[in-house]
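These are my notebook entries on a single structure. I set down what I looked up, in the order in which I looked.

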Amino acid sequence: GEVIMGRGSNWINCEDAVHTIKEEAENFLGQNLEDYNYCIFSDHPKGEKLLLETFPNSYCNPKTLPEENEGSVHFSTSLNPILSFQESAKDMHLMTKCAYILWTHHSTFSLPARHFINKKNQHMLFQI
């Protein structure tokens, strides 16, 4: 629960990852971050919390996440897999309604949205 996927197969801590995500968002959007509303999609409890604190006007659809230090949703055997799948499907649908998307290279979760959102409004995070 203390790391988040970064560049390639390297894992970096949440604080560094969120700092990088903020920098990349500022570069990609080219404007003050306060000019946008953000819907945060994460399966990592600490990462989600830090992103919500970092991005102004941010929101996260309520969902069940593992306890702190238990890892991300994919690795938490204590969660109900049916409920977790249903919550993920709702998030994926909500993501298709966004005007812009910043996504990580390993994310299959963002694939549906990337088919709906204009390519010029997409940015892959942590590019090598």
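The entries below go from the whole chain to single residues.

**Entry 1: the chain as a whole**

I noted at the outset that this is a predicted model. I then looked up the secondary structure and found four helices and six strands in the protein chain. Read from the N terminus, the order of the elements is β-β-α-β-α-β-α-β-α-β. I next looked up burial: of the 128 residues in the protein chain, 41% are buried. The accessible surface comes to about 7800 Å², and carbon and sulfur atoms hold 54% of that surface. For the contacts with a separation of 6 or more, I recorded that 39% join residues 24 or more positions apart.

**Entry 2: the nonpolar cores**

Which residues touch the most other members of the largest nonpolar core? I found that this core has 17 residues, and that I21, L33, Y38, L51, F55 and F126 have the most contacts with other members. The elements that contribute two or more residues to this core are α1 and α2. The largest share is that of α1, with six residues.

Apart from neighbours within four places in sequence, L51 is in contact with V18, I21, I40 and S58.

**Entry 3: helix α2 and its cover**

I looked up which residues of helix α2, residues 45-54, are buried, and the list reads P45, K46, G47, E48, L50 and L51. I then asked what covers the buried residues of α2. The cover includes α1 and β4, the latter spanning residues 58-59.

**Entry 4: salt bridges**

How many salt bridges does a search of the whole structure find? The search gives two.

One of them joins E15 and K46, with 3.1 Å between the closest N and O atoms. This pair links distant parts of the chain, since E15 lies in helix α1 and K46 in helix α2, 31 residues apart. I checked the accessibility of both partners. E15 has a relative accessibility of 40% and therefore counts as partly exposed. K46 has 17%, so that K46 counts as buried.

The side chains of K49 and E53 also form a salt bridge, at 2.7 Å from N to O. These two residues are separated by about one helical turn, because they are four residues apart in helix α2. K49, at 49% relative accessibility, counts as partly exposed. E53, at 52%, counts as exposed. I noted that the limit between these two classes is 50%.

**Entry 5: strands β5 and β6**

I looked up the pairing of strand β5, residues 101-104, with strand β6, residues 122-125, and found a parallel arrangement over four bridges. I asked which residue of β6 is the bridge partner of W103. The partner is M124. Helix α4, residues 111-116, belongs to a right-handed β-α-β unit with β5 and β6.

**Entry 6: E24**

Is E24 buried or exposed? Its relative accessible area is 14%, so E24 is buried. E24 is located in helix α1, which covers residues 14-29. When residues up to four places away in sequence are set aside, E24 touches L102, H123, M124, L125 and F126.

**Entry 7: positive phi angles**

I then turned to backbone torsions. Most residues other than glycine have a negative phi.

I recorded N57, which is not a glycine and yet has a positive phi of about 50 degrees. N57 sits in the loop between α2 and β4. Its relative accessibility is 43%, and N57 therefore counts as partly exposed.

I recorded F126 as well, which is not a glycine either and has a positive phi of about 55 degrees. F126 belongs to the segment after β6. With a relative accessible area of 3%, F126 is buried. I noted again that F126 is one of the residues with the most contacts to other members of the largest nonpolar core, and that F126 is among the residues touched by E24.

Terms used: Residues numbered from 1 in each chain as written. Predicted model: local features only at pLDDT ≥ 70, side-chain atom pairs only at ≥ 80, totals over all residues. Heavy atoms only, no water. Buried < 20%, exposed > 50% of the residue type's maximum accessible area, 1.4 Å probe, protein only. Contact = heavy atoms within 4.5 Å. Core = buried A, V, L, I, M, F, W, Y, C linked by side-chain atoms within 4.5 Å. Salt bridge = Lys/Arg side-chain N within 4 Å of Asp/Glu carboxyl O. Pairing = 2+ DSSP bridges. Right-handed = clockwise from strand over helix to strand, strands pointing away. Areas by Shrake-Rupley, 256 points an atom, 1.4 Å probe, with all protein chains shown as cover.
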